Amino acid sequence: MASLAFPSLSSLTISRLHSQKAPFLNSSIPTPSMSTFKHPSVTLHRFQCGVIRMQAGEEDFELKQMRDMAAAKKRWDAMIREGKVKILTPREAGYAIQLSNKPLLDVRPSSEREKAWVKGSTWVPIFEVDNKFDVGTLSRKATNFVMGGWWSGVPTLSYDSQFLSKVEEKFPKDAELIVTCQKGLRSLAACELLCNAGYKNLFWVQGGLEAAEEEDLAREGTQPLKFAGIGGLSEFLGV
């Protein structure tokens, strides 16, 4: 697992720490005992302990995420198996929009939506880019960065607690609603929330817009739908 790298103590820093004793050596002021000064190895040990604690915290967080994801997958499998949510491929979703005029609910964050979107779709993000700068958010941003955000460009996201109310303002509970995101996971989470809120005619786009070919859905925006989730260094390099 990647971890935050702390700078090691350089020889210059160590020499400066030792030179703090020099003013006392040729003066009448009593020289303090060596216990007064903290050896660089003590400081380095504290840095190492901090790294270990951070790694342990990240591992605990990752394990919790894995357990939560496994539990969610079981719920989602049951939701589909019981017919509460029906599966559509991106192409089938395109047909349903064109032939049956079914509405498409796009639950992606703005970082993906602004690059490409399905023409005529309704945008209500279930997670949105978190631009706050409090301690908790900054910690999550740092974790997101070292866990691959530097490569993929995926920003730190936060759940929008107003998601359900925003959807309810736009669609009645009996609407035949197609729900999609970029990869298919966040839209499943949205389907679960909507199903529990009383929506009975839900369709989930399997694989999300990343699985869509250009001819599947009418697109607007500057990029193909399947590439809207790419960012960071990978986007710069064209990967």
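Author: Contact here means heavy atoms within 4.5 Å. Axes are lines fitted to C-alpha atoms, for helices over the stretch in contact, and angles run from 0 to 180 degrees between N-to-C directions. Helices (H or I, at least four residues) and strands (E, at least two) are DSSP runs, numbered from the N terminus. The model is predicted: local features need pLDDT of at least 70, side-chain atom pairs count only at pLDDT 80 or more, and totals for chains, interfaces and linings use all residues. Residues are numbered from 1 along each chain as its sequence is written, and side-chain values use heavy atoms, with hydrogens and water left out.

Helix α4 (residues 90-100) lies across β1, β2, β7 and β8, at about 105 degrees to β1. These strands belong to an open, parallel sheet of five, ordered β1-β8-β7-β2-β4; two strands pair if DSSP finds at least two bridges between them. Its edges are β1 (85-88) and β4 (122-123). Within the sheet, three bridges join β2 to β7, and Leu-105 has Val-179 as its partner in β7.

A salt bridge requires a side-chain nitrogen of Lys or Arg within 4 Å of a carboxyl oxygen of Asp or Glu. Arg-91 and Glu-215 form one at 3.1 Å, N to O. Arg-91 lies in helix α4 and Glu-215 in the loop between β8 and β9, so the pair ties together parts 124 residues apart in sequence. Arg-91, Glu-215 and Asp-216 are linked in a network of salt bridges. Lys-102 also forms a salt bridge with Glu-176, at 3.5 Å between the closest N and O atoms. Lys-102 lies in the loop between α4 and β2 and Glu-176 in strand β7, so this pair ties together parts 74 residues apart in sequence.
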